[in-house]
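Subject: Structure handover

Hi,

Here is the structure I promised to pass on. Please open it next to this email and follow along as you read.

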Amino acid sequence: MMMIDLTDSDGELALAGVPEAQILATKGCVHSVETCGTVDGPGIRYVLFLAGCPLRCAYCHNPDTWSPQAGEIKMVETIMAELRRYRPYFTASGGGITVSGGEPAMQAAFLGALFQRCHAEGIHTCLDTSGYCEPAQAELFLDDTDLVLLDIKQADPDKHKALTGVDNERILAFARMLKDRAIPVWIRYVVVPGSTDAPEDIDQLCRLLVGLGGIIRRVTFLPYHTLGAGKREEMGITNALVGVKPPSETAMAAIRAQARQYGLPVE
Ligand code: SF4
């Protein structure tokens with residue numbers, strides 16, 4: 001991969017001051033692309049899925065994105081050339097680029113370089129993330145991030161670790177960075193019976209979101225489903241959720257109602 005010096009005069013990580021040619025030549029590992037997405041942010045989106053994820057969510061449908069090498073090496077310049085072809089769709093629909101994964105923050109310098117070029121060309125940027133990111137790394141891309149789709153897996157640290165394999169300290173620090181920078185956030189939370197659906201889980205989540213204040217623009221509760229189980233089986237990954245059924249519509253409605261009591265913008 002292209003090495004760029006990201007250290008500014010204070011020894012902090014930064015992209016400011018890096019020559020444009022170097023930014024355009026920054027390389028990342030791209031798992032796949034969806035050119036006309038409509039669910040990962042506003043309008044029509046060019047969705048880039050980056051390779052690599054440090055989490056191991058028990059319900060992950062995309063374990064094929066976990067390896068940092070699970071894709072094709074591409075330069076920012078190449079992606080920008082492709083993106084420009086979709087500009088009329090972005091303009092007409094209020095869309096732009098969404099970078100997802102895997103966990104895109106694992107490639108923070110590439111993400112920052114890409115978003116910087118998007119902003120230079122007036123393209124709206126959206127990051128779809130678990131929030132599992134070192135604050136110093138997040139500095140590389142947050143200046144050029146217009147919207148964050150934050151997938152909160154669990155608000156409780158121990159339950160988070162049991163569900164994803166990592167604790168959520170870093171994720172909470174990332175959420176505080178979003179608040180400090182007033183970056184708008186859409187929250188997504190998967191309701192998994194027995195793992196994330198207890199009334200106290202929802203209360204804890206809601207208290208966390210209320211604490212983030214006005215940046216929370218949308219909260220979506222998604223029912224756990226088993227469609228990804230086949231892929232996991234094929235890859236020989238143990239399914240910790242064997243026998244867990246999707247939540248009922250009634251249970252989902254009760255959870256949404258509970259969250260609305262906190263004044264949250266629940267979809
Ligand atoms: S963060 Fe996303 S890609 Fe990573 S394990 Fe969890 S669901 Fe899968």
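This is a predicted model: local features need pLDDT of at least 70, side-chain atom pairs count only at pLDDT 80 or more; totals for chains, interfaces and linings use all residues.

Start with strand β6, residues 147-151. Five of its five residues are buried, so the rest of the structure largely encloses this strand. Buried here means under 20% relative accessible area.

Next, look at the neighbour of β6. Strand β5, residues 124-129, pairs with β6 in the parallel sense. Four bridges join the two strands. To find your place, look for T129, which stands opposite L150 in β6.

Now go to helix α4, residues 108-120. The buried residues of α4 are A108, F110, L111, G112, A113, L114, F115, R117 and C118. Just after the helix comes G122, with a positive phi of about 75 degrees.

Last, the ligand. Which pocket does it take up? The space taken by the ligand is the largest pocket. Around the ligand you will find C53, L55, C57, C60, W66, G102 and K153. That shell divides into five nonpolar residues, one polar and one charged.

Best wishes

Key
Residues are numbered from 1 along each chain as its sequence is written. Side-chain values use heavy atoms; hydrogens and water are left out. Buried means under 20% relative accessible area, exposed over 50%, partly exposed in between (1.4 Å probe, protein chains only). A residue is near a molecule or strand if one of its heavy atoms lies within 4 Å of it. On a 1 Å grid over the protein atoms alone, a cavity is a set of points where a 1.4 Å probe fits but cannot get out, and a pocket is an open set with protein on both sides within 12 Å along at least five of seven lines; lining residues have an atom within 4 Å of a point. A molecule sits in a cavity or pocket if more than half of its atoms lie within 2 Å of its grid points. Ala, Val, Leu, Ile, Met, Phe, Trp, Tyr, Cys and Pro count as nonpolar, Asp, Glu, Lys and Arg as charged, and the others, Gly among them, as polar. Two strands pair if DSSP finds at least two bridges between them.
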